[in-house]
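Subject: Structure handover

Hello,

Here is the structure for you to look over. My notes follow below it.

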Amino acid sequence: MTDHSKTNAMRLLDAAKLPYEARFFDANAALSGVEVAAELGLDPDRVFKTLVTQGKTSEHYVFMIPVACELDLKKAAACAGEKSIAMIKSRELLPLTGYVHGGCSPLGMHKLFATAIDETAALYDTIFFSGGRIGCQIETSPHALEQLVGLRYADLTVV
C-alpha cells in the first residue's frame, strides 16, 4: 500500500502556494529513474533524478538531470566553480539530506544546497522529480522549483 501523506517537499510547495501534483506508485524498494518513468507512463526526458555531490572544497551541490542520462562530473564541477566534484557515498545521503536513495527530493533537504538543473528542463512546462520518499513523484514547473531552490540551468549530462 502506498503512503499518500504529505512530504516535506509538498509542504514547502504548499507554503509557497505553488502549484504541483503528487503522483504515487507502489514500490517496495528504490527503482531506477527510468523504471519510475515507465511505472507512471511518463517521458523519461521529463523525469529528473536528484544527485548530491561534494566538491574539492568540501561544499555540497545538488544536480538534477533526466533519469536516462548520466551526470558529467567535469561539467558539474565547472557549473559549481569547483576543480572537481564527486558523488557522495550512499550512506552519507540520509544524514546529509534527510532523504534515502531513491527518494531524494531537491526540496526539503536538511540544508539548502546550491542546485543546478540540466538545461533541458526549460523545454517543458512541467517536470517530475522525487517527492521525498520512494513511491512519490512531484510534477511542477521548473519555474516553481526555481522559486524554492534558486536553480541554475546548465548543460550537465554526458553526451
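Buried here means under 20% relative accessible area, exposed means over 50%, and partly exposed lies in between (1.4 Å probe, protein chains only). The model is predicted, so local features need pLDDT of at least 70 and side-chain atom pairs count only at pLDDT 80 or more, while totals for chains, interfaces and linings use all residues. Residues are numbered from 1 along each chain as its sequence is written, and side-chain values use heavy atoms, with hydrogens and water left out. Helices (H or I, at least four residues) and strands (E, at least two) are DSSP runs, numbered from the N terminus.

Helix α5

Pro142, Ala144, Leu145 and Val149 are buried in α5. They sit on the same side of α5, because they cover an arc of only 160 degrees around the axis. That arc is taken from the directions from the helix axis to the C-beta atoms. The buried residues of α5 pack against β3, β5, β6, β7 and β8. Contact means heavy atoms within 4.5 Å. Gly150 follows α5, and its phi is positive, near 60 degrees.

Strand β5

β5 covers residues 114–118, and four of its five residues are buried. Two strands pair if DSSP finds at least two bridges between them. β3 (residues 60–66) runs parallel to β5, joined by four bridges. Ala116 in β5 is the bridge partner of Phe63. β8 (residues 152–154) also pairs with β5 in the parallel sense, over three bridges. There, Tyr153 is the bridge partner of Ile117.

Cores

A nonpolar core is a set of buried Ala, Val, Leu, Ile, Met, Phe, Trp, Tyr and Cys residues joined through side-chain atoms within 4.5 Å. The largest has 25 residues, and Ile117 and Leu145 have the most contacts inside it. Elements giving two or more residues to this core are α1 (8–15), β2 (48–55), β3, β6 (127–130), β7 (136–140) and α5 (142–149). Another core lies apart from it, with 12 residues, among them Ile65, Ala77, Ala116 and Leu156. Leaving out residues up to four places away in sequence, Leu145 touches Met64, Pro106, Leu107, Ile117, Ile127, Phe129, Gly150 and Leu151.

Thr157

Thr157 is in the segment after β8. Its relative accessible area is 12%, so Thr157 counts as buried. Beyond four places in sequence, the residues Thr157 touches include Ile65, Pro66, Cys69 and Asp118. Thr157 and Ala77 are 80 residues apart in sequence and 12 Å apart in space, C-alpha to C-alpha.

Best wishes
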